[in-house]
Each structure stands twice: as C-alpha cells, then as structure tokens.
Amino acid sequence: MFIEVKNLVKKYKEKTVVDDVNISIDEGQFIALLGPNGAGKSTTINMITGLLSTTSGEIKIAGMKPNDKHFGHNIGVVFQQSTLDKELTVKENLKNRAAMYRNVQTIEDSLIEEFELKSILNQKYGSLSGGQKRRVDIARSLVHNPKALFLDEPSTGLDIQTRSVIWQTLDHFRKENGLTIILTTHYLEETENADFVYIIDHGKIIKADTVSNLKKNFARNILTLETKQKENVIELLNEYQDIKTDKNCLSIYVQEKEAVILVLNKVSDLIENFEYKKGTMDDIFVTLTGREIR
Amino acid sequence: MTALIMRNIKLYFDSKSKVFFSLLGALISFILYIIFLSKNMQDSWSNISEVVELLDNWIVGGTLAITAITTTFHAASMIARDRESDSMKDFVLTDLSFIKIQLSYLISSAVIGFIMQVFMYVIMYLYFKFQDSVVIRFTPELILIAFISAFTWAVIAQFIVSWIPSTEAQSKINGIIGAAAGFFAGVYLPIGFLPSFAQTIMKYTPASYGAALYRQLLTKDSLNQAFEKLPAHAMETFKENMGISIKLNQLTTVKQEYLILILFVLLFVVLYSLCVRKFKKILIG
C-alpha cells in the first residue's frame, strides 16, 4: 500500500472529530473523501499530511511516518485558502517555494505548460482571478514533484468551467506521472472520476467503495411516466410500492433496464411519454446519510 | 532558509505603508525633538557649553533604540499573517523544519531592524548636518550596537507574536509598542524626570539599556567637551538623568549594558525554547 491509514482518531477534549478511520490507497489512484461540511474531512487530511497530531492511529505514506524527516517531500497539499503571497508575482512565488525544498532548482516547464501559467508568470498573484489562482496553487503543490497530492476542497467558489479545466489537467498529470490524488470535497460530481470514494459523516467512514459499485448499490434509478390515466397505471404497476405522483407524472424506482422495458411494455398504451434517469452521487449520499449534503 | 528569509524581507520592504508605520514611533520622537523638545532641553541645560551638539547626539541614540523596537515588531507580525493564511502550514510541509522556519523569521526581523536603524541614522545625520551644522558621531561600534539591538528585539518580538499570532491583535500591539517605545527608551521624557516607580519599571526593560548604549557612544565626545570645566559629579548626574547610563548600584558602563542586552537575549531564547512545542501547536494547529 502506498498510503496506509489505520484506526485514525482525533479527539478534542470529549468531542471525537475523527473516529476510527481506515484508508488504504495504491500508488497512482485517485481517491475522494466525500462528506458534508464539518464531517471531519479536513481534520483527516491534516493528520495524514502531518499538520495535525493524531490522538491515536497509524499513518504511513511511501513507508514514511509524518514525523519522519523529509516526510513532506513526498506530498503536495492544496489548501482550502491560497497560501501564496499576493504581493509577489506567480514566478516569484513558485521559485520561492521551490527553494524551500532540497534538490529543487527550477520550475519545470511542463508544469507551467500544463497549468497554462506562461501568460501570467509575471503577474502579481493578488491580481489573478480565482481560477488562475487555483491553477497556480496546484502548480505550487507540485513544484517538488511529489508522489501524492492532497486537495482540500480545491474548487469551492470556482465556476464549473474552471473546475473542469482543473480536473482535466490533474487527470492528465496523474496519467503521465503516476501521481496519487486524494481529494476532499462536498461537490458530488467531482467524485465521479475517482477510483474509490470514502463517504465520511460525523467523523466516521460510513461507506467506502468504487463509484460504480456505490451507484449500483445505492443510487436509485428513476423511471418517470407521463400519463392522463394515473389510476389505471398505478393499478397495472401494483408490484411497485413506492410510487410518487405529481400532476400528470408518476415515478418509480427501477434499477435494471430489463425491468424498465417490462414496465414500459405493460403501460405503453396508457402513457404519453417517459423518462429514465440514472442515479447520481447525490442520491447515494441521501440514501446513505438519510439527508441532503449540507 | 535563505528563500524564506529573503521572502520576508522583500515583503516587508515592498509594503511602503508597513515601512512607514514601523518607523512612526521613531519619526514621532525625532519630530517632537525638532519641534519643541530640543528648545526645552537646551533651555534647561543652558549652563552646559556645546549643548546643541550634545542633545542632537542624544536624541539620535534614543531614536535609534526606538527604531530597533518598532521595526522588529512590525517585521515579526509577518508570523501572524502567515499563520492566518495557512502559509505557515505550507512552509512546514517543505523540507524546512519548524525550528528553521522560526529561525528564518527571527533572522529576517533582525535584518530588517538593522537596516532600518542604519536608514534612520542616515536621515538624522543629514538633517542635523544641514540644520544645526552638527556632525553626529560615527564609530564602527555603532554597527555592533545596531546589530545587537536588532537581534535583542527580534527575539522578544518573535516570542510575543508567537503567543498571539493574529493580524488584528498584532496591529494593536504594534500601535502600543510604537507609543510605549518612546517612553521606555526615555526619549519623550528623560528617565531622570520620571517618578521613581516609572524609573524602576524602565530598568527592567532592555529598551533603556539599548538607548543608553547608543547614547554612551554617540555623546562621548560632546559630553567630555561640555563638562570639561564642570565638576565630575555634574557629568554623572547628567548621564543618569538623561539615560546615558542607567543607575543600578552604580552607573552602568558600556560593557555592562552590552552584557544586560545579551542576558535579555538569552532569557528570551530560553523562554522561547521552553515554549517551542506550544508555539508549534499555536502556529500550525
């Protein structure tokens, strides 16, 4: 295992913020920690990166423990807020941080190209837009060529286009360099590309699985039928318990496509139209925690 | 470490308002002197010859002592800013250890304090040269004093800032320090003119010794000249009242003043090392 977290606990006085968290990650994987605000995601990440002491538990990244010398050399962290100096240019910021690592002399051109920083290199960091800043932040976290990258809610406050650009770049970077990525987020759609998702709530991992398994087991696919003869349709579909009605529509949960075809065949004369929607991560979250994401 | 030191120094000098406000305490003391303190003092010491040269050198000493205090405190408040912006966490994740990071802040504050003292010296030197035709004394030892003062206050500032690293608290502390430094260095009112309780407090701070050290050196020639024809105890009284020497059992000598500053440095270094774990928790979380 490249990253191994065992029985991680963080207590503040009586309050347990992180409760027996276990995570194991292979090199090159993309892992998402999903959970509402205050679930303990950031606390978990801060302990794994060695910024926060643990109450108990064991952490290893590439065989090193957080207290080991040069532990930080293996990891890059993108913080929730920008840590770079707004008074300095992008180039000065990156060079300055690079100089704080041993054996890192220059900023690699590939990094500048990949994150499209060339045109803003000599601009003051403080004058950049939110999306540009985030690109620089990520480039900074990769300046020493780490093996694992931690992103703590990196796209909060960014528009959808910027988010997708960042994710495309990171995805590319991961495939090129074998970078391991650990993301915390409460944007469910960001987890769609992850190899593995840990769902955290109240400091506990309530589910850990691949996205496709989670979808298969917890996402509910919804078939919506548009009809003027609701009563007749309901009668025909008497084996379905949970039927929701709304104006001319009724919807039922149908997981398998065969079942959908069967239903449609049964009621085809009675309906005007239909829609079949696959379940999303949102549904998974609601199913698992019993509530919407906060 | 060089990278972090250079960054801190650059950020300080890049901010014109930071430079200005960190000098404010010193500038106020200098301007107050020019506007009315000098006239007052010249009148009250009118029995002394060459009084203008003596007092000009005296105020330069006090102002430099204030400069060392206020500029290092302003420089050290970078720690608060970097804690609030999580930059401190970012630094800890690099190959720099926490101790090296702290040392980098200390060195940059000391360097800033040193440079600003040199800057203030030059400004005052030029002013008095053209205004009063007085040449402010220069000896290479002044550089040593500037260095030791900067270092002493950098250590103290770092210790204090590490306890309360919030930018809001820091700007208030800097305001208080800026105003208080002039009193503790005995510039607004010379130590001999204060009630004995206030004098006692002043003797427990390094400010009065830093100022005394500067004044001993700067006023050396003009003192000898001024008191040439007066009895020996007149000079002693003047030195004591004006904070050129500090009266402990006897008047302090230059050597003792160096020693006292170094003891203050050692004291705060020890205190700092005792609290370093606590500081790590405060600054990184």
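1. α10(B) is mostly covered, with 13 of its 13 residues buried (buried means under 20% relative accessible area, exposed over 50%, and partly exposed in between, with a 1.4 Å probe and protein chains only).

2. On conventions, residues are numbered from 1 along each chain as its sequence is written, while chains are lettered from A and ligands numbered from 1 in the order in which they are written. As the model is predicted, local features need pLDDT of at least 70 and side-chain atom pairs count only at pLDDT 80 or more, whereas totals for chains, interfaces and linings use all residues, and side-chain values use heavy atoms, with hydrogens and water left out.

3. Chain B contains 13 helices and zero strands, helices being DSSP runs of H or I with at least four residues and strands runs of E with at least two, numbered from the N terminus. For its 285 residues a compact globule would have a radius of gyration near 19 Å, and chain B has 19 Å, which agrees; the radius is taken over C-alpha atoms, and the globule rule is 2.2 Å times the number of residues to the power 0.38. Along the principal axes, the C-alpha atoms of chain B fill a box of roughly 65 × 40 × 30 Å.

4. Of the 285 residues in chain B, 55% are buried. Among the contacts in chain B with a separation of 6 or more, 81% join residues 24 or more positions apart, a contact meaning heavy atoms within 4.5 Å. Chain B exposes about 12400 Å², of which carbon and sulfur atoms supply 68%; accessible areas come from the Shrake-Rupley method with a 1.4 Å probe, and for residues only the protein chains shown count as cover.

5. Helix α1 of chain B, residues 2–14, has 13 residues that should span 18 Å at 1.5 Å a residue, and its end C-alpha atoms are 18 Å apart, which agrees. The buried residues of α1(B) include B:Ala3, B:Leu4, B:Arg7, B:Asn8 and B:Tyr12. What covers the buried residues of α1(B) includes α2 (90–98) of chain A as well as elements of chain B, among them α2 (16–44) and α6 (98–131).

6. B:Phe183, in helix α8 (residues 167–184), is partly exposed, with a relative accessible area of 45%; leaving aside neighbours within four places in sequence, B:Phe183 is in contact with B:Tyr188 and B:Met202. B:Phe183 and B:Ser208 are 25 residues apart in sequence and 9.2 Å apart in space, C-alpha to C-alpha. B:Leu271, in helix α13 (residues 254–284), is partly exposed at 29% relative accessible area, and its C-alpha atom is separated by 32 Å from that of B:Gly192, 79 residues apart along the chain.

7. Most residues other than glycine have a negative phi. A:Lys13 has a positive phi of about 50° although it is not a glycine, and lies in the loop between β1 (3–12) and β2 (15–25), where A:Lys13 counts as exposed at 81% relative accessibility. A:His202 has a positive phi near 50°, is found in the loop between β8 (196–201) and β9 (204–209), and is exposed, with a relative accessible area of 57%.

Key:
The expected span of a helix is 1.5 Å times one less than its number of residues.
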